[in-house]
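Here is a short briefing on one protein chain. Look at the sequence and the structure first, then work through the points below.

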Amino acid sequence: MEKDRKTYDINFKKKVVEQYQIKKSYSAVAREFNIHRKNVQRWVNHYNNEGTKGLRERRGRKKEFSKVTHIRNEHPEQKIKRLEAENEFLKKLLSMKKGE
């Protein structure tokens, strides 16, 4: 059985955070906006860490692409080429150091 989750827009979340900054009480702000205290706490933390960007909806979003994930999922032939290129780079770097 699926729970119906309420989605709040970024402007609403920003108003809640602003009220918290004035009142300094998660519970008081939660009562004022008729939402759960944990939502207020979560939004304030996200806002403090990431600014307004932290208040955007996160559900259903794909994680940002990272180079580490890409390297883990690369094809074996691509991995071999990448490692060979890294080895060549290191060999050149080592020969340059020896020539100093």
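**Briefing: helices and loops**

Thr52 sits in the loop between H3 and helix H4 (67–72). The model is a predicted one. Thr52 has 34% relative accessibility, so it counts as partly exposed.

**Thr52 and its surroundings**

- Which residues does Thr52 touch, not counting residues up to four places away in sequence? They are Ile10, Lys14 and Tyr47.
- Lys14 is 38 residues from Thr52 along the chain. Their C-alpha atoms are separated by 7.4 Å.

**The whole protein**

- The protein has five helices and zero strands.
- Along the sequence, the pattern reads α-α-α-α-α.
- Of the 100 residues in the protein, 16% are buried.
- Take the contacts between residues at least 6 apart in sequence. Among these, 43% join residues at least 24 apart.

**How H1 meets H2**

- Two packed helices are described by the angle between their axes and the distance between the axes. Keep both in mind for each pair below.
- Helix H1 covers residues 10–23, and helix H2 covers residues 26–33. Their axes come within 9 Å and cross at roughly 135°.
- Angles of 65 to 115 degrees count as roughly perpendicular, and those over 145 as roughly antiparallel. H1 and H2 are therefore oblique to each other.
- The crossing of H1 past H2 is right-handed.
- On the H1 side, the contact is made by Phe12, Lys15, Val16, Gln19, Tyr20 and Lys23. On the H2 side, Tyr26, Ala28, Val29, Glu32 and Phe33 take part.
- Sorted by class, this contact of H1 with H2 has seven nonpolar, one polar and three charged residues.

**Gln19, a residue of H1**

- Gln19 is found in helix H1.
- Is Gln19 buried or exposed? Its relative accessible area is 19%, so Gln19 is buried. The cut-off for buried is under 20%.
- Leave aside the neighbours within four places in sequence. Gln19 is then in contact with Lys24, Val29, Glu32 and Phe33.

**How H1 meets H3**

- The axes of H1 and H3 come within 9 Å. They cross at roughly 90°.
- That angle makes H1 roughly perpendicular to H3.
- H1 brings Phe12, Lys13, Val16, Val17, Tyr20 and Gln21 to this contact. H3 brings Val40, Trp43, Val44 and Tyr47.
- By class, the contact of H1 with H3 has eight nonpolar, one polar and one charged residues.

**How H2 meets H3**

- At what angle do H2 and H3 pack? The angle is about 115°, with the axes 8 Å apart.
- H2 and H3 are therefore roughly perpendicular to each other.
- The crossing of H2 and H3 is right-handed.
- From H2, Tyr26, Ser27, Val29 and Ala30 take part. They meet Arg37, Val40, Gln41, Val44 and Asn45 of H3.
- This contact of H2 with H3 has five nonpolar, three polar and one charged residues by class.

**Asn45, a residue of H3**

- Asn45 is placed in helix H3.
- The relative accessibility of Asn45 is 37%, so this residue counts as partly exposed.
- Asn45 and Leu55 are ten residues apart in sequence. In space, they are 9.5 Å apart, C-alpha to C-alpha.

**Two loop residues with positive phi**

- Lys24 lies in the loop between H1 and H2. Lys24 is not a glycine, yet it has a positive phi of about 60°.
- Lys24 has 58% relative accessibility, so it counts as exposed.
- Where is Asn34? Asn34 is in the loop between H2 and helix H3 (37–50).
- Asn34 is not a glycine either, and it has a positive phi of about 55°.
- With 71% relative accessibility, Asn34 therefore counts as exposed. The cut-off for exposed is over 50%.

Key: Residues numbered from 1 in each chain as written. Predicted model: local features only at pLDDT ≥ 70, side-chain atom pairs only at ≥ 80, totals over all residues. Heavy atoms only, no water. Axes fitted to C-alpha atoms, helices over the stretch in contact; angles between N-to-C directions. Helix = DSSP H or I, 4+ residues; strand = E, 2+ residues; numbered from the N terminus. Parallel < 35°, antiparallel > 145°, perpendicular 65-115°, else oblique. Left-handed = near helix turned anticlockwise from the far one by under 90°. Contact = heavy atoms within 4.5 Å. Nonpolar A, V, L, I, M, F, W, Y, C, P; charged D, E, K, R; others polar. Buried < 20%, exposed > 50% of the residue type's maximum accessible area, 1.4 Å probe, protein only.
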